[in-house]
Amino acid sequence: MSDEITEHPDRPQRGQVLFAALFLICATLLLAAIEDQTKWLKGKDFFAQPRFWPAIGVGGMVLFTALHFWHLPRKPRRLPRWMREADWFQWAESLFWAVLAIGLALWLGPIAAAPMVFLVAIIRVTWLYQHWTDRREAKIWASVFEWAGWFLAYVLLVPLIGYLPVTIAFSLILTWRVGYRSRLMMWSAGVFAVTVVLVFKSFLQVKIPGAALYEYLPGALRSFFILNF
Amino acid sequence: MDLIYDFLAQVQASSSVLARWDVVLALLVGSVGGVLIGAIPGVGPAVAIAILLPATFSMDPIVGLTVLLGIYGSSMYGGSIPAILINTPGTAVNALTTYDGYPMTTRGEARRALSLAYSSSFFGGIFSVVCLIFFAPILAKIAPMFGSREIFLAALLGIILVVTAHRKHTLIAAAMACFGIWLNTIGLHPASYSKRYTFDQSWLSGGVNLIVVVLGLFALSQAFTLLHGDDEKVRLTKLKGSFFQGFRELARHPRIAGISATFGVVMGMIPGVGEFTAQFMSYTYAQKSSKRPEDFGHGSSEGLIAAETANNAVPGAAMVPLLALGIPGEALTAMMLSVFYVHNVIPGPQLFQNDMDFVVALYLALLILNVLVVAFLLVATNQLIKVVKIPNRFLGVCILVLSFVGVYSLRNSLTDCIIAAAFGIFGFVMKRMQLPVVPIVLGMVLGGIMEVKLRSAMARVKTPLDFIDRPIAAILFGMIVLVLALHFRRVWLDYKERKKDEWQISHASTSFPAILSRRRNYILTERGKKLRAKRKTFSRRLTDKD
């Protein structure tokens, strides 16, 4: 495969550390919830247990993502000078970890405490290794929510207003929104929308319910619209 | 001889299946649609198949599968057009075509490159279908030997191969495969009716639908990527003349074409391997055995033949594990598996025993498809290349509109759409970082198969060795061990090489503070002072008088 992570020693590729950390945190939380969310039934075979495959899945997610995180080309954040040079600070941090691990183990029991300590450790490591490009990348990820929002708005409006009108409006407005304002592009968007509705709803009769608005149409037109558009 | 007679009888029986008007229409739509989709960079067969899946559920299985198979088989033909003309692969598997195709275009040989690509694709496609039609009776004899444990081991082998095929991304690919396995376990456990990871939410108790995930990961994420990106400026060269000369040129390289097609067929049959490995192996073989290996990557016709023949030989072969064992080897066949399930046609050994007509009909459809596609391309290439000019963000809008049909028509559920949108965002993030998403889909499908098969296989196993006491199980187990051993050997060699490189190219840092600090050391040390004093005698300070 041609897609490879660049292995520049100084500069990890943007977002990799952040993604690995977020995925690892989610996986660890899921692993911590396994006892609560799955059952271990007495008298059943080991391989037929309902917990067996979720354990493989979630366990594998934690193990392999942690290894992936470990292997990422990364560069530690440059800490302030006093932090780098103060011995007492490093001693204090080590002590903090020991106290946290022992405290949680005594409080929750060692098995329940392990994912918590691991979780805090991931957050600490992520804080240490994240790069300013990671934060810029996170903004780009967040910007996609706009398109997802458009899509969900489209989904919400179809059962209310109708597949044909919403599709035409959606493709026209979105084409306008992404920057095509010429007459040719607007016409293309309109024609495309009508074609999609005709092919899928009228010809292939795909299951898309008739809209609430169609109920107000007069007799024959109403059933025609509900069936075809 | 018996085999051939059997086969001819099968063909006769199956051709009646294909003579229906809806199948013919499906063939036409599949072939033309596939070429168009392939020719548009940014819309691959995965996007198209994901969107069309729910629409095919209402069709007859043979019709629905013909459309999907048509798109799968013909998209690579279309994908070679932008790969050759504008150096942008139309589908991911055409990436290797750009190596030799585009340099030929820059030399003014665009028409030659295109016609070579068409003819070698045609050869690859036909070769694989013919091989498989002749294999089908043998497969029908072998397939019943696969019991639960063999199918479990084959699925496990598939998942391991998918993971190890992602070189340098093996760890994250493994994590994603496990993510897929976990996703598949959400909902009610069928054997014990206990809830798994439902968090007491009613919408999770039915599980996460594979098609919703696929639509999110492939279609919506692609739409988001296109909407987010910029348009590319495209300059097209005008093509004149016919495209027939490629067949003549291909006939001069029968060895390369034959061996590349064989690689394609073999790699296609192994689940989880697919086009990339087949192309890589055949391209390397062609380069090593060529009289002019230095031309490869600079417009070598042999390189083009190797790449295009190998990738087109895969789709036919990829149907083998799907039909004979019910194990999909890649994302596209995994999607097709859901079409079978919807129609209650369970692919597997029984299909080969009871429904051989159906299998042969599918292969014949693939054969006819290849002929249709080449005929279409020979006539319509000049008009077809204009689709490359469709602007990217507009394509994004189109995919978003079409994705709605795919997700919403499945169950008319808003929840499905939200899940698909979430996976779309996840897929977008993965795409941004060039991480693999295919293992998620295969993890979901193969995870489900493994769960069921392991449960039924373990019921009859007393000691661990019983699991591999049958010959096919033992062979599969041996293959798993071999693949893992080879993988770890490669990891070790990579590690050694990397360490060696690190030692060889360790040089002084080029950062600005480091340069300043070296400069200061040079100025302040005794040796520095001496050196400056020495140099002063040879080049005295310039004055105005000199």
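Predicted model: local features only at pLDDT ≥ 70, side-chain atom pairs only at ≥ 80, totals over all residues.
On the helix 7 side, pick out B:Arg149, B:Glu150, B:Leu153, B:Ala154, B:Leu156, B:Leu157, B:Ile160, B:Leu161 and B:Thr164. They meet B:Ile472, B:Ala473, B:Leu476, B:Phe477, B:Met479, B:Ile480, B:Val483, B:Leu484 and B:His487 of helix 20. Colour this contact by residue type, and you will find 14 nonpolar, two polar and two charged residues.

How do two packed helices get described? By the angle between their axes and the distance between the axes. Turn the view to look at the crossing, which is left-handed.

Next, move to where the two chains touch. Here 58 residues of chain A are in contact with 57 residues of chain B. On the chain A side, select helix 1 (16-32), helix 3 (52-71), helix 7 (132-143), helix 8 (145-161), helix 9 (163-177) and helix 10 (183-203), each of which gives two or more residues. Which helix of chain A gives the largest share? That is helix 3 of chain A, with twelve residues. By type, this side of chain A divides into 37 nonpolar, 16 polar and five charged residues.

Last stop: colour chain A by domain, with domain 1 at 16-142 and domain 2 at 144-228. Their centres, taken over C-alpha atoms, are separated by 45 Å.

Methods
Residues numbered from 1 in each chain as written. Chains lettered and ligands numbered in written order. Left-handed = near helix turned anticlockwise from the far one by under 90°. Helix = DSSP H or I, 4+ residues; strand = E, 2+ residues; numbered from the N terminus. Contact = placed C-beta atoms within 7 Å. Nonpolar A, V, L, I, M, F, W, Y, C, P; charged D, E, K, R; others polar. Domains from an automatic or database assignment.
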